[in-house]
Amino acid sequence: MKLLKANNISKTFINNGSDNKILADLNFELKDGEIVAILGKSGSGKSTFLRILAGLIQPSSGEILYRDNAVTEPVKGIGMVFQNFALMPWLTVLENVELGLEALGINREERRTRAIDAIDMIGLDGFESAYPKELSGGMKQRVGFARALVMNPDILIMDEPFSALDVLTAENLKTDLLELWQNKKTGTNGILFVTHNIEEALMLSNKIVIMSSNPGKIAGSVDVNLPYPRNYQDPEFLRLVDVIYTLITANITHNKKKSSLIKSNLGLGYRIPEVSTDEIMGLIETIYTDFESEKTIDLPKLSDHLAMDIDDLLPITEALETLELANVFDGDIKISETGVKFFNADLLERKKIFAKQLLKNIPLARAIRNRLDEASFSQISEKHCLELITPYLSAKESQKVMRTMIDWGRYAEIFAYNFNENMLTLENPN
Amino acid sequence: MKKSYKPSKIHSTAINIWDIYLFIIVAATLFCITWATMQMSKPYDIGNPPQIHLEANYLPSYALKSFWRMLIAMGFSLLATFIFGTWAAKSKKVESIIIPLIDILQAIPVLSFLTITVAGFMQLFPGNLLGPEMASIFAVFTAQAWNMILGFYQGIKTVPHELIEVGKMYQLSWWRKFWKIEVPNAMPSLIWNMMMSMSASWFFVVASEAISFSSQTIMLPGVGSYIALAIEKQDYMAIFNAIVCMLIVIIIYDQLFFRPLLFWSKKFNSDSQEEDNQKSWVVNILQRTRALKYSRVLLEKIYDQFAKLSFFTKKISLIKNPLSIPKAMKVKSDWFYYIFLILSLLLSIYFIVNKIEIKEILLVCKLSFYTSIRVFAMIIVSSVIWVPIGVWIGLRPNIASNIQPIIQFLAAFPANLLFPLVVISILHFQLNHEIWTTPLMILGSQWYILFNVIVGTLAIPKEIHFAANNMGIKGKLWWKSFIIPAIMPYYITGAITAAGAAWNASIIAEYVTWGSIKLHATGIGGYIAKYAETGDSTRVVTGTLAMCIYVLFFNRFLWQPLYNYATSRMQQ
C-alpha cells in the first residue's frame, strides 16, 4: 500500500528573468509501515522536496498523491515536525498542543483530554502550563512531536527534527520515537524525514533516499534491513555507512569527470562551497598529520575522526577538489601533488599557491580579476561583481557565493575589499 | 526602556519619485481643507463656552477629562493600526503607499493638524462643543497613531516562516491565522509603541485643549485649558497646582496602565534570557485575585470564539492575494492614480501662486532654517549633558534598573506644564528670549537620548569591557575607540526621536506667553503658532509644509544614513 507518492516532481524558481532549477524529475514513494530518510548535502533541495510532499509548496511540474488523492495543499492525514520547533511563544505547552485540534473545531473538553494524553505519551507531563521559553531544546522538540501526534497523523513528516539538539538529547528523543513507533502507540503508518546525518538515517529508517545537488535529484537509495535497536559498531552498519558515502561522493566525481573534459566550462554559476580558508587549510593539515601513513583516506573514517557531519565535511572536500588540492573518489580522499606543496609551504608561499589555484579553477575569481585589471581606478563595486553571477543563482545564493569569493580572494590577495563602500580594489588600503 | 525605537530601514536613503508624488498629494489635501476653512471665516458662535475655574478642587475632574480624551484617541489609533497596519502588511501595493505616507505624516507637527482640521470638525457639529472636542482628540490621535501602525505592520511582517507553515499544516483560515498567529506575534511591538505614544500624547493633550479659531479661543475643560488660563491670569498658585496634579496623575497612570501592560506583553516574547526585574504590584494583585482569574478565562474563551467566527473561516481562494485585481482594472486604477496626482499638483500650484506670495515662501524657508539650528543646538547640548551621565549609569546595571522607570515617568510628564516656570525666569532675569526659550523644545524629549544611551551601554558585551581594561584603554581613547562607537546606533536612535519631538514642540516653545507678555522667538514654530492664533490657515499650512520638508530632508539625508552607517559598523 502506497501512502505517499511523488511523480516527476520539478521545482523552478524564476529569478531576474532566468530560471533556477532546484529540483529535477524526482520520483519517490512511501509505503505502509516504512520509515524513510531523505539524505543530502545542504543545498540539495531536500527541505524544499519535503515541503512539496507536505503540500506546503506547489511543484512546478509533477504531482503528489496521498493515498491516491492529489495533494495541492496541506491535508489532514499528514503531520509535520519542524527543525526549529516552530512553537507559538505566547501559548503554553498545553495550548500549543491543542491548537491543531481547536482548528478542527473539537470542543474544549475533548481537546484537553487528547492533548494531555499526547503530552503524557511523549513524556512531557508536568510541563503543561510552561511557556516554550522555559523549556530546553529537547523539551521544545517533544512539544513539537506531541503537537503533531495529537492529530493522530497517518504520515509523520519531519524536517531535520534532531539537528537543533545536542547529541545526547537527540539520541534520547530518537529512542523514544522508535519505541512509540514499534509499540504502535500512535496511529501513524509511515514516517518520512530529512537529515544530513548518515548515522541518524541508518539508526531510524528502513530506506534511505540520497539526493544530489544542482539541481536536486535522487542519486540512489539504500534499503536498511537491520533489526532495531541498531548498533553503530555493527559491521553491517559500518558497511552501509561506506556505501552511502560512496553514493554521495560518486555523484561529485561524476560531475567532476564531466567538467574535467571541458574544464573551462565550470561556469560563473558554479556554487562555490561556503567554506573558509581556515577550514581548507585545517583539513589538509589534519589529513597530512593525522593520517600521514595512508595514501587515500576513507571519508567515513575522516568524518568520524573529526566528528563532522557530511553537511560540514563535504563542502570542504569539494573546495579542496575544485581547487585541485585533493582528489575525491568512491568515498575516499587523497591529497594531490599541489596539495602536498601547499602543505609544506610557509604562510606567504601558501597564499601564492592558493591564488594560483583560485585563478586557474574558479571562473568567478578570474572574471573579477580581469575586470579589476581593466577598471579605470583599479576598483569595481561589489554590485557589479554580483551581476556576473545573478543570472545563474538565486539572490540569496549569489550573496553567499560572493561572500565566500571575497573571503578567498582577500586571503589570496588577488584583490582587496572595502566594507564601508562595498568596493573591490586591486591594492590593499593604506 | 528595554527596546528602543528603530527607524524603519525598509526604504533606502535615496528619494523615491513616489515620495515626491505623495508629498504633493498630502500638500494638496491640506490646501483643500484650508480652503474649506476660509469659506466659513465668520466668527463662530458656540453659545456658552464652558467656564474654566482656577480653584484647585476643579483639577481632578479636569485631569480625568484630559485622560479620557487621550483614551478615546488611543481607541481610534488602535482601530487605525489594525486596519492600515494589516492592510500594508498584506498588500504590496498598499504597502508602497502607506509606509512612505506615514513617513510624511510623522513629519507634520501635531498642532498643525489641530489648526487645519478644527474648522472642519466644527462644521460637522455646528453649535456644539463636540466639534472642538473632536479636533482636540484628532490632534492627539495624530500624535499616537503613526508609530503604532508602523510597529504593528513590522510585527505582522516578521512572523517566523515556520509558524506560518504550522498554520498552513493546520489549515487555519486567514481570519484565525490573523488572530492566532499574526496578532500575537505583533503584540510586543504594538504594546511598546502604544506605550511610547501614550507618553508622548500627554504633551499634546495638554497643548490641544485651548483651541484658537477665528481669533477666538475655545477652552475645553481639562488640564491644558486650566494651565492656559493660569498663564493668562498670571496665577502662580494655579500653575503649581497643575504641576502637582499632573505628577499624581502620571504616577497613577504609570502604575495602573503602563507597568501592567509592559509586564503582560512579555508573555509574547520568544527569548527567555531577558531577565527583567521590573515588577508590578498591580499585576501581582491581578494574578492573585480569583474573580479576575475567572474573568481572564472568560476573556480567553471570548477571544477564541471571536477568532473562529464561522463567517470568516470559510475558505476564500483570494487568500493568497486578497487584492488581486484583474489586469484591466489595474491599468484603470493606475490611471485613476495619475489623474489624482495631476489634480493634486494643479491644486498645489494654484494655492502657491494665488494665495501665497513668493516673499512668504522665502520667509518660511528662512524661519525653518533658524528652527533647525535651534533643534541641532539642543541635540548637541543635551547630548553633552546626557551621554556621559547615561554611560555612567549604564556601566552600573543596578542603578540602571532602578533609574529606568524614573526616566519612563519623566518622559511621560507633559513638559509644557513647566514652560511658565521658564518664562517667569526669563522675565525675572531679563534674558534674551531668542536664546533662552530654546531649551523648552528639548525639555520633554531629552529623555530619549538618556535612556537610549543607558540601554546601549548596558548592551555592550562584558568581554569587550574586559578586553578594553586588559589593554589599559583609558581616558580619551576609551571614549573615542570604545564607548562612543559601541553606543552609536542607540544614541542616534534616541537623537532621531528627540529631534522629531523638538520640531513638534517648537510650535509651543517659540511662542510662549505670560499674561499679556508674549515671547516670540524667530522660527517656524513661532510663525505657525502666531497664525494659528489668528486663524490664518493658509499661512499655517505654508509653514507646516516648510517644516515638513525640513524634517523629511534631515531624516533622509542625515539621520537615516547615520543610523545605517552606525549599525553596519557595529555588526559583529
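This is a predicted model: local features need pLDDT of at least 70, side-chain atom pairs count only at pLDDT 80 or more; totals for chains, interfaces and linings use all residues.

Colleague: In strand 10 of chain A, which residue is the bridge partner of A:K207?

Modeller: Strand 10 covers residues 217-223 of chain A and runs antiparallel to strand 9. The two strands share 6 bridges. The bridge partner of A:K207 there is A:D223.

Colleague: How many residues of strand 9 of chain A are buried?

Modeller: Buried means under 20% relative accessible area. A:K207, A:V209 and A:M211 point one way from the strand, and A:I208, A:I210 and A:S212 point the other way. Both sets are buried. The strand is therefore largely enclosed by the rest of the structure, and the count is 6 of the 6 residues.

Colleague: Which residue takes a positive phi in the hairpin of strand 9 and strand 10 of chain A?

Modeller: That hairpin has 4 residues between its strands. The phi in question is near 60°. The residue is A:N214.

Colleague: Is A:R67 buried, partly exposed or exposed?

Modeller: A:R67 lies in the loop between strand 4 (61-66) and strand 5 (69-70) of chain A. It is not a glycine, yet its phi is positive, about 45°. The relative accessible area of A:R67 is 29%, so it falls between the 20% and 50% cut-offs. That makes A:R67 partly exposed.

Colleague: And B:Q430: buried or exposed?

Modeller: B:Q430 is in the loop between helix 16 (419-429) and helix 17 (433-436) of chain B. It has a positive phi of about 50° although it is not a glycine. Its relative accessibility is 72%, so B:Q430 counts as exposed.

Colleague: How far apart are the centres of domain 1 and domain 2 of chain A?

Modeller: The domain assignment gives domain 1 as 2-249 and domain 2 as 357-425. Their centres are taken over C-alpha atoms. The separation is 39 Å.

Colleague: Which element supplies the largest share of the lining of the second largest cavity?

Modeller: The whole structure has 4 cavities of 30 Å³ or more, by this search. The largest share, 3 residues, comes from strand 6 of chain A.

Colleague: How many residues in the lining of the second largest cavity are nonpolar?

Modeller: Helix 4 of chain A and helix 6 of chain B are among the elements that each supply at least two residues of the lining. By class, 2 lining residues are polar and 2 are charged. The nonpolar residues number 11.

Colleague: How many residues apart in sequence are the parts tied together by B:F121 and B:F138?

Modeller: There are 40 aromatic pairs over all chains. B:F121 and B:F138 form a tilted one, 5.7 Å centre to centre with 50° between the planes. B:F121 lies in helix 4 of chain B and B:F138 in helix 5 of chain B, so the pair ties together parts that are 17 residues apart.

Colleague: Is B:F121 buried or exposed?

Modeller: The cut-off for buried is under 20%. B:F121 has a relative accessible area of 16%, so it is buried.

How values were computed: Residues are numbered from 1 along each chain as its sequence is written. Chains are lettered from A and ligands numbered from 1 in the order in which they are written. Side-chain values use heavy atoms; hydrogens and water are left out. On a 1 Å grid over the protein atoms alone, a cavity is a set of points where a 1.4 Å probe fits but cannot get out, and a pocket is an open set with protein on both sides within 12 Å along at least five of seven lines; lining residues have an atom within 4 Å of a point. Grid points are joined across faces, edges and corners, and a volume is the space filled by probe spheres set on the points. Ala, Val, Leu, Ile, Met, Phe, Trp, Tyr, Cys and Pro count as nonpolar, Asp, Glu, Lys and Arg as charged, and the others, Gly among them, as polar. Domain bounds come from an automatic or database domain assignment. Buried means under 20% relative accessible area, exposed over 50%, partly exposed in between (1.4 Å probe, protein chains only). Two strands pair if DSSP finds at least two bridges between them. Rings of Phe, Tyr and Trp (its six-membered ring) pair if their centres lie within 6.5 Å; planes under 30 degrees apart count as stacked, over 60 as edge-to-face and the rest as tilted.
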